[in-house]
Amino acid sequence: MAKKILLDKINIPGIKSYEVYRQNGGYASVEKAIKTMTPDAITEEVKASGLRGRGGAGFPMGLKWSFIDKKSGKPRHLVCNADESEPGTFKDRYLMEHIPHLLIEGMITSSYALGANLSYIYIRGEYMWVYKIIERAIKEAYAAGWLGKNILGSDYSLDLHVHCGAGAYICGEETALIESLEGKRGNPRIKPPFPAVSGLWGNPTVVNNVESISNVPWIVNNSGEEFAKIGLGRSTGTKLISASGHIKKPGVYEIELGITVDEFINSEEYCGGMIDDRPIKALIPGGSSVPILPAHLIYKTAEGEDRLMTYESLSEGGFATGSMMGSGGFIVYNDTACIVRNTWNFAKFYAHESCGQCSPCREGTGWMEKVLYRIETGHGTSEDIDLLWDIQRKIEGNTICPLGDAAAWPVAAAIRHFREEFEYHIQFPEKVKNRNHFVDEPFESIKHLVTK
Amino acid sequence: MKVIIDGHEIEVEPGTTILQAARMMGGPSVPPAMCYYSKLEDTGGNCRACLVEVSKGSDADERPMPKLMASCKTTVMDGMEVKNLSSPRVMEARKAVTEFLLINHPLDCPVCDQAGECDLQNLSYQHGKELTRFKEEKRTFEPENIGDKIQLHMNRCILCYRCVKTAEQITDGRVHGVCGRGDHAQISTYITAAIDNDFSGNVIDVCPVGALTDKTFRFKSRVWFNKPFNAHRDCDKCCGKTTLWMFGDEIQRVTARKDVYHEVEEFICNECRFDHKDTADWVVEGPRKFEKFSVINQNNYTRKLDTVVIDTEKQILKGRDQDRVKISMTNVPFKEEESKK
Amino acid sequence: MENKNYTQVINITPELKSRIDELISHYPADKRKSALLPVLHEVQDAHDNWLSADLMAKVAEILEITPIEVFEVVTFYTMYNQKPMGKYMFEFCLTSCCSLRGAEDMLEYACEKLGIQPGGTTEDGMFSVVGVQCLGACGYAPMMQLGDFYKEHLTPAQIDQIIEDCKAGKIILHDK
């Protein structure tokens with residue numbers, strides 16, 4: 001069995017409750033941190049661990065912590081981003097639902113490291129039952145003295161609360177999340193200033209993903225150096241992967257970074273291979289925003305190397321032949337899937353989730369959705385593919401927040417790798433009227449019909 | 001601090017944005033601004049029309065910024081080098097933003113009161129295309145009545161947020177805001193309510209397009225048929241300094257005085273704007289100057305114009321005398337005998 | 001904006017008020033507005049799953065903010081309903097991963113079974129069926145949200161059962 005950091009205790013009966021969690025070594029990191037370590041020493045351990053933000057951007061967490069403005073004298077906040085909304089990603093929910101105290105322990109230890117006395121967990125509104133689980137767990141932690149004034153008799157005090165969103169993907173963007181936490185519309189802020197200087201209520205704030213924070217107790221207990229030994233190269237530690245799509249065993253898996261994509265998809269320990277043993281057609285390795293990979297680039301890179309589950313290997317080849325680790329939303333497609341339909345589906349998602357603040361995203365995402373809908377339903381024209389390419393190119397990089405890029409990349413990658421399928425939709429409109437058009441007749445078998 | 005924009009150098013105070021620095025310099029290198037408004041706090045960054053390329057971050061860190069930056073929100077660093085007109089990337093992005101702003105815009109300029117003083121028109125003249133690539137039906141909104149003084153045309157709105165900031169910062173109670181999200185976000189009061197307080201009329205002046213117009217001026221005249229005069233009156237609510245838009249002796253519209261970037265010099269109250277349409281109420285200071293190349297100025301010919309001579313005119317109907325009978329051409333009068341041929 | 005003409009009886013019960021006060025206490029005293037999103041959830045749950053303009057104005061009063069600040073927020077987030085919805089609202093996730101595993105079929109099945117169109121509500125006001133964007137249950141597709149909970153790995157037989165359970169009053173919508 002591979003090394004587990006986050007899910008090692010997941011199968012212990014009752015681990016959801018405070019008592020069982022505590023009996024199994026829970027909250028040890030808080031004791032160790034507050035009694036024996038300085039805040040800066042914890043930050044140094046996190047830096048040494050090489051832990052990269054698990055929300056999608058992969059920014060080194062220790063480095064992010066070190067940016068927090070400690071000179072201004074303003075109160076500081078740690079906000080946990082539990083607004084998990086990236087299509088294909090459902091790992092944070094799994095952690096919070098099954099082992100809520102791990103996150104709370106991580107929040108306390110991390111808040112101590114940052115010198116934050118008031119911290120929040122921002123959870124998406126749809127996860128309402130998880131919100132209640134966390135809320136109760138926080139009450140248990142207060143009752144046991146892990147939260148509140150003078151924790152463990154020290155002079156460190158911390159208040160921790162859970163806050164719920166109400167249905168907006170954009171609130172996963174850290175400044176939109178802060179706006180939402182302030183009771184406003186989730187419009188991302190223009191940076192700079194970054195939250196580390198001016199975040200929640202204008203105070204220095206760090207926003208970290210659930211999985212990132214849940215790694216902190218292990219790092220504090222075992223040292224950053226030990227953490228860095230797990231994984232491969234700059235991809236240290238383990239990673240939760242949310243696997244979905246046409247695989248035998250969808251679900252959340254903790255992997256040691258560095259295993260091959262082949263092993264992850266086909267071994268019994270993880271996805272268990274393709275459903276009905278149909279051929280694999282495409283893979284989105286990191287959530288809907290990252291580029292889709294065609295079959296020949298899934299198990300091997302363009303250079304012929306094994307494709308590994310690491311930040312580096314997944315992005316090998318750049319956008320031309322690679323993708324990204326993203327948030328670990330691993331979506332597998334077999335030959336019955338229609339890439340055009342799927343791209344339209346994502347475009348619809350982004351158009352629906354655009355906050356509407358800046359023009360390229362507000363207008364561009366809606367436009368892409370309309371053009372893709374036309375193509376998918378057999379009303380596309382030969383100019384539409386180039387038009388689509390042009391629109392995505394003009395959104396990318398020109399928006400306030402990364403949602404514009406996230407909407408543009410899947411469209412670009414789909415056209416880059418599956419242009420023939422778009423052309424098929426345009427040349428054979430009658431054949432794509434039914435939404436399951438490739439179920440009976442996979443594209444591979446009719447590909448030759450497309451004329452260049 | 002020293003900043004170079006399109007090769008021109010200027011010294012500015014720390015904290016100045018690129019756009020402000022460009023405005024200090026003046027000339028063609030000033031990026032267009034559809035949402036930024038220097039008289040209001042916390043505006044800008046939304047429309048993306050003012051994106052520029054920062055080809056050198058500063059003297060301390062020479063690296064260029066990878067993305068185009070919103071010049072209205074990016075403060076200058078010492079030694080920064082900015083490309084606006086000189087950057088093909090910027091020009092392309094600006095064309096793209098113009099196209100995005102226009103795909104759902106009704107393009108109803110012929111019946112829009114803003115036509116002639118519309119920032120979106122100006123942007124389109126400079127960066128727009130003649131043809132649209134947008135085949136779908138344009139987005140429309142249900143009309144909303146926000147009172148008897150201000151007309152809201154949501155279909156024309158580009159969501160610059162200026163009117164929201166105006167209501168927040170200038171008036172004593174904001175009742176409208178941005179509702180909905182994405183491409184269906186809209187300016188609304190949610191429950192149809194009048195936007196009515198002493199300074200609410202300023203939302204008309206700050207609106208860059210024809211989304212908020214003056215109901216008391218509605219369909220009265222095209223703006224270029226009006227003659228603008230600076231005038232003032234004693235007002236206990238505001239500065240009382242306005243521009244009167246006259247048609248003959250009639251005051252058809254009163255606005256605040258606007259500068260070269262179409263921003264008001266000083267905000268005015270609703271009483272001055274809506275309730276004083278009699279010249280006796282005002283001390284008229286004299287004609288207001290306009291940008292030389294503005295649409296409004298086209299009706300204020302200050303120089304003698306050359307007679308346009310089209311050389312081909314004489315030749316054009318040669319050999320087609322049948323047609324010449326039907327067409328009257330002053331330069332080539334039709335002679336009596338010709339008709340008898 | 002649409003649908004402002006429905007009427008709603010506003011009733012901030014003592015239990016609801018104390019829950020609202022508890023939520024407000026989670027934020028600094030001068031940042032009451034921050035409690036807006038959680039408070040709106042509680043108020044909506046206690047008022048037949050929707051928020052009228054009057055109710056929103058009431059929330060504004062409680063949080064000491066202006067009504068427009070509440071309207072702006074309510075219209076931004078998808079979970080707040082601005083018109084009456086069915087008591088049991090079936091929210092099917094239709095995003096890619098669910099769609100691959102037959103989410104549209106399930107939504108259509110539920111609509112057919114209840115005799116309504118997607119987005120519609122049954123005449124008795126019991127059921128609504130809507131398609132929504134990713135709910136974060138991609139590995140357990142097809143699925144839907146019902147109240148505070150998710151119903152995952154759906155089959156037509158399970159949808160039948162859920163409808164029966166709703167009619168029999170066996171479904172708990174909110175975890176209070």
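Visitor: Among contacts in chain B between residues at least 6 apart in sequence, what share join residues at least 24 apart?
Guide: 62% of them do. Keep in mind that this is a predicted model.

Visitor: What is chain B's secondary structure?
Guide: Chain B has 8 helices and 13 strands.

Visitor: And how much of chain B is buried?
Guide: Buried residues account for 40% of its 341 residues.

Visitor: Let's zoom in. Which residues of helix α1 in chain B are buried?
Guide: Helix α1(B) covers residues 18-25. Its buried residues are I18(B), L19(B), A21(B), A22(B) and R23(B).

Visitor: What comes just after α1(B)?
Guide: G26(B) sits there, and its phi is positive, at about 75°.

Visitor: New helices, then. How do α2 and α3 of chain B cross?
Guide: Helix α2(B) spans residues 88-103, and helix α3(B) spans residues 119-127. Their axes come within 10 Å and cross at roughly 130°. That angle is why α2(B) counts as oblique to α3(B).

Visitor: Is that crossing left-handed or right-handed?
Guide: The crossing of α2(B) and α3(B) is left-handed.

Visitor: Which residues meet there?
Guide: From α2(B) come R94(B), K95(B), T98(B), L101(B) and L102(B). From α3(B) come L120(B), L123(B), S124(B) and H127(B). By class, this contact between α2(B) and α3(B) has 4 nonpolar, 3 polar and 2 charged residues.

Visitor: Over to chain A. What domains does it have?
Guide: The domain assignment gives domain 1 (18-229), domain 2 (239-334) and domain 3 (339-449) of chain A.

Visitor: How far apart are the centres of domains 1 and 2 of chain A?
Guide: Taken over C-alpha atoms, the centres are 28 Å apart.

Visitor: How many residues of these two domains are in contact?
Guide: In chain A, 13 residues of domain 1 are in contact with 17 residues of domain 2. The domain 1 side has 3 nonpolar, 5 polar and 5 charged residues.

Visitor: Now the partners. How many residues of chains A and B are in the contact?
Guide: Chain A puts in 21 residues and chain B puts in 25. On the chain A side, α14, α15 (359-376) and α16 (382-395) each supply at least two residues.

Visitor: Which gives the largest share of that side?
Guide: α15(A) does, with 8 residues. The chain A side that touches chain B divides into 8 nonpolar, 9 polar and 4 charged residues.

Visitor: And how many residues of chains A and C are in contact?
Guide: 46 residues of chain A are in contact with 35 of chain C. Several elements of chain A supply at least two residues each, including α7 (128-143), β3 (159-164) and α8 (174-181).

Visitor: Which gives the most there?
Guide: α14(A) does, with 6 residues on the side that touches chain C. That side of chain A has 17 nonpolar, 20 polar and 9 charged residues.

Visitor: Last one. What are the domains of chain C?
Guide: The domain assignment gives domain 1 (14-76) and domain 2 (88-167) of chain C. Their C-alpha centres lie 28 Å apart.

Terms used
Residues numbered from 1 in each chain as written. Chains lettered and ligands numbered in written order. Predicted model: local features only at pLDDT ≥ 70, side-chain atom pairs only at ≥ 80, totals over all residues. Axes fitted to C-alpha atoms, helices over the stretch in contact; angles between N-to-C directions. Helix = DSSP H or I, 4+ residues; strand = E, 2+ residues; numbered from the N terminus. Parallel < 35°, antiparallel > 145°, perpendicular 65-115°, else oblique. Left-handed = near helix turned anticlockwise from the far one by under 90°. Contact = placed C-beta atoms within 7 Å. Nonpolar A, V, L, I, M, F, W, Y, C, P; charged D, E, K, R; others polar. Domains from an automatic or database assignment. Buried ≥ 20, exposed ≤ 12 C-beta atoms within 10 Å, placed from the backbone.
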